[in-house]
Amino acid sequence: MLLLGFPECLPQARQLAEALNCRFCEVELHRFPDGESLVTLPTPLDDTVVFFRGLHDPNTKLVELLLAFAAARANGCQRIILVAPYLGYMRQDIAFKPGQAVSQRIIGEWLSQQVDGLVTVDPHLHRIQRLEEALPHCRSIATSAAPLLGEFAKSRGLDGVLVGPDDESRQWVKQVAAVCNLDFVIASKERLGDREVRITLPDYDYRGRAAILVDDVISSGRTMAETAQQLLARGAVAVSALCTHALFAPGAREAMANAGISPIWSSNSIADAIGDATPDESGCIDLTPLLATAVIRLEQF
Ligand code: R5P
């Protein structure tokens with residue numbers, strides 16, 4: 001088995017190859033002046049090739065994966081596995097207006113035709129229960145970082161109330177709470193725009209308590225920022241955040257800092273967030289063991 005890493009996620013890809021005890025090489029990428037990509041795979045390839053690439057900021061990455069998968073097949077690869085710690089395009093799961101493309105179904109269908117197996121972590125599945133429904137043509141494993149977030153909270157001795165900002169976060173918050181044995185509450189959220197949400201906190205005595213926000217994704221950061229502002233207004237003394245995928249869209253860190261959230265802890269699923277891991281410790285929860293176990297399970301199917 002050969003594991004191939006893309007330039008922006010080499011440390012994580014290499015760590016996974018070490019955990020799997022398999023050969024590791026890099027995919028060579030070249031961007032032409034007009035924005036097109038040239039993808040070159042190392043040859044010869046093994047029968048099974050595992051591609052490692054998170055799919056945040058996904059548009060160019062998906063085209064490059066399409067080229068890479070085709071090049072792998074053309075060079076004799078029999079079985080392709082994609083390890084995408086973050087699987088993008090999963091949040092748009094219905095058409096909210098006539099004419100809207102349902103990206104979860106479209107991208108899921110397409111990806112699952114390209115690969116034989118896919119491993120990801122906490123894909124944002126809201127109206128469907130199982131990843132297979134989004135990826136109908138390949139084997140897939142969705143593993144969860146929530147127990148690791150819980151272990152992290154426990155090992156740091158975090159104290160306070162865990163707060164999920166919306167009903168979708170309940171699944172992760174419950175798991176984290178079960179591991180670190182803290183109280184939790186779930187707020188409700190109304191999304192008013194890409195960077196505007198309205199949060200309603202449930203009744204709870206937040207006065208004098210620390211609050212730890214827990215969610216799967218931080219994108220614009222506004223969900224966390226708005227929740228933090230409400231918590232502080234209701235008497236919480238400090239607000240920190242714990243999440244799986246710190247996408248940090250432009251302005252997210254500032255919005256969260258301005259709302260008084262510190263620190264922000266996340267897994268290392270988002271390669272680009274790791275480069276500046278301090279002061280908020282993005283990337284400090286390592287997903288490698290989780291991903292390695294999932295790839296081994298996939299191999300056993
Ligand atoms: C969606 O419900 C997710 O769980 C997150 O709450 C959401 O993606 C966060 O988005 P943002 O950071 O842009 O508020």
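Helices and strands in this predicted model are DSSP runs, helices of at least four residues and strands of at least two, numbered from the N terminus.

Q: Which element gives the most residues to the shell around the ligand?
A: In this predicted model, 15 residues surround the ligand, and D215, D216, S220, G221 and T223 are the closest. At least two residues of this shell are supplied by each of β11 (188-193), β13 (210-218) and α7 (222-233). With four residues, the element that gives the most is β13.

Q: How many residues of the shell around the ligand are charged?
A: Asp, Glu, Lys and Arg count as charged, whereas Gly is among the polar residues. By class, the shell has two nonpolar residues and five polar ones, and its charged residues number eight.

Q: What distance separates a polar side-chain atom of D216 from an oxygen atom of the ligand?
A: A polar contact requires a pair of N or O atoms within 3.5 Å. An N or O atom in the side chain of R91 lies 2.9 Å from a ligand oxygen, and for the side chain of K189 the value is 3.0 Å. For D216, the distance from a polar side-chain atom to an oxygen atom of the ligand is 2.6 Å.

Q: How much of the area that the ligand exposes when taken alone does the protein bury?
A: Taken alone, the ligand exposes 370 Å². The share of that area buried by the protein is 94%.

Q: In which pocket does the ligand sit?
A: The largest pocket has a volume of about 1400 Å³. Among its 45 lining residues, R91, R191, D194, V217 and S219 are the closest to its centre. The second largest pocket has a volume of about 310 Å³. The ligand sits in the largest pocket.

Q: Which element supplies the largest share of the lining of the largest pocket?
A: The elements that each supply at least two residues of this lining are α2 (58-74), β11, β13, α7 and α9 (271-274). By class, the lining has 14 nonpolar, 13 polar and 18 charged residues. The largest share, five residues, comes from β11.

Q: Which element gives the most to the lining of the second largest pocket?
A: This pocket is lined by 15 residues, with P123, L125, Q129, Q171 and W172 nearest its centre. Two or more of the lining residues come from each of β8 (139-143) and α6 (170-180). By class, the lining has six nonpolar, six polar and three charged residues. With three residues, the element that gives the most is α6.

Technical notes:
Residues are numbered from 1 along each chain as its sequence is written. This is a predicted model: local features need pLDDT of at least 70, side-chain atom pairs count only at pLDDT 80 or more; totals for chains, interfaces and linings use all residues. Side-chain values use heavy atoms; hydrogens and water are left out. A residue is near a molecule or strand if one of its heavy atoms lies within 4 Å of it. A polar contact is a pair of N or O atoms within 3.5 Å; within protein, one must be able to donate a hydrogen and the other to accept it, and residues adjacent in sequence count only if both atoms are side-chain atoms. Accessible areas come from the Shrake-Rupley method with a 1.4 Å probe; for residues, only the protein chains shown count as cover. On a 1 Å grid over the protein atoms alone, a cavity is a set of points where a 1.4 Å probe fits but cannot get out, and a pocket is an open set with protein on both sides within 12 Å along at least five of seven lines; lining residues have an atom within 4 Å of a point. A molecule sits in a cavity or pocket if more than half of its atoms lie within 2 Å of its grid points. Grid points are joined across faces, edges and corners, and a volume is the space filled by probe spheres set on the points.
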